[in-house]
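This report looks at pockets and salt bridges in one protein model. Please have the sequence and the structure open while reading.

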Amino acid sequence: MIIEKLAVGAYAANCFIIGDEATHIGMVVDPGGEAERIFKKVEDLALNIKYIVITHGHGDHIGGLEKLKKLTGAEVLIHHDDEIMLKDPMLNLTDSMNGPTVSSTPNKTIGDRDKLTIGNLKCEIIHTPGHTPGGICLYFDKEKILITGDSLFYGSIGRTDLAGGNHKQLISAILERLMILDDQVSIYPGHGASSTIGFERKRNPFLQG
């Protein structure tokens, strides 16, 4: 499995490029900006991008979406509860950010427990609402890798004070849907450093008591 992290855009959102080494089929998660830089890395890795997956509809994770879609021809996927955010610059906040306004329509929407296949790689969509209504994580069971968007961070969780946020809902989603995974599962969040389920279970102050 190929997994490359690029911190992109003014908010240093983590964009992940994931690929199957055998087939060179790949996906991009959260192209928050700098589409040309992301595409250059895709070319360096010799990947054919099948999907662009958006973990949630905030502007710092979608700023490079439209340009990257043109460069790759990939299908754009987002949870159905955040589809409206992707289409509306006011809801996705790009109308008030320093960067391009984004008003985009996904090729398809996805939901909880949906499966995606990228070459020989398989991942499952885990719906984790609370940061946004349609926030998702992507879980690669065989590889024990979890991409958490802005739901779960190293030692923290996503903010819930923006429109559509719900603190109680986010905590419940993390505890009931993510903390059931094995301790050794690696976490790749939407901002900042990586972690593990085991570390967050024991040390994340938002998940204690």
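The model is predicted, so local features need pLDDT of at least 70 and side-chain atom pairs count only at pLDDT 80 or more, while totals for chains, interfaces and linings use all residues. Residues are numbered from 1 along each chain as its sequence is written, and side-chain values use heavy atoms, with hydrogens and water left out.

## Pockets

A pocket here is an open set of points on a 1 Å grid over the protein atoms alone, with protein on both sides within 12 Å along at least five of seven lines; a cavity is a set of points where a 1.4 Å probe fits but cannot get out, and lining residues have an atom within 4 Å of a point. Grid points are joined across faces, edges and corners, and a volume is the space filled by probe spheres set on the points.

The largest pocket has a volume of about 290 Å³. Its lining consists of 23 residues, and those nearest the centre are Gly-32, Gly-33, Gly-63, Gly-99 and Pro-100. Two elements, helix H1 (35–44) and helix H2 (65–72), each give two or more residues to this lining. Helices (H or I, at least four residues) and strands (E, at least two) are DSSP runs, numbered from the N terminus. Helix H2 gives the most, with three residues.

Residue classes are assigned as follows: Ala, Val, Leu, Ile, Met, Phe, Trp, Tyr, Cys and Pro count as nonpolar, Asp, Glu, Lys and Arg as charged, and the others, Gly among them, as polar. On that basis the lining of the largest pocket has eight nonpolar, ten polar and five charged residues.

The second largest pocket holds about 160 Å³ of space. Its lining includes Tyr-11, His-58, Asp-60, His-131, Asp-150, Arg-159 and His-191. By class, this lining has five nonpolar, four polar and three charged residues.

## Salt bridges

Side chains of opposite charge can pair when their charged atoms come close. A salt bridge is counted when a side-chain nitrogen of Lys or Arg is within 4 Å of a carboxyl oxygen of Asp or Glu. By this rule there are 13 salt bridges. Three of them are listed here.

| Salt bridge | Closest N and O atoms |
|---|---|
| Glu-34 and Arg-37 | 3.2 Å |
| Asp-44 and Lys-40 | 3.0 Å |

Asp-44 and Lys-40 both lie in helix H1, four residues apart, about one turn of the helix. Lys-87 and Glu-83 are likewise four residues apart, both in helix H3 (residues 83–87).

For accessibility, buried means under 20% relative accessible area, exposed over 50%, and partly exposed in between (1.4 Å probe, protein chains only). Glu-34 is partly exposed at 36%, and Arg-37 is partly exposed at 37%. Asp-44 counts as partly exposed because its relative accessibility is 47%; Lys-40, at 45%, is also partly exposed. Lys-87 is partly exposed at 38%.

Elsewhere, Asp-112, Arg-113, Lys-115, Glu-124 and Arg-177 are linked in a network of salt bridges.

## Glu-83

Is Glu-83 buried or partly exposed? With a relative accessible area of 23%, Glu-83 is partly exposed. Leaving aside neighbours within four places in sequence, Glu-83 is in contact (heavy atoms within 4.5 Å) with Ile-78, Pro-106 and Thr-109. Glu-83 and Gln-169 are 86 residues apart in sequence and 19 Å apart in space, C-alpha to C-alpha.
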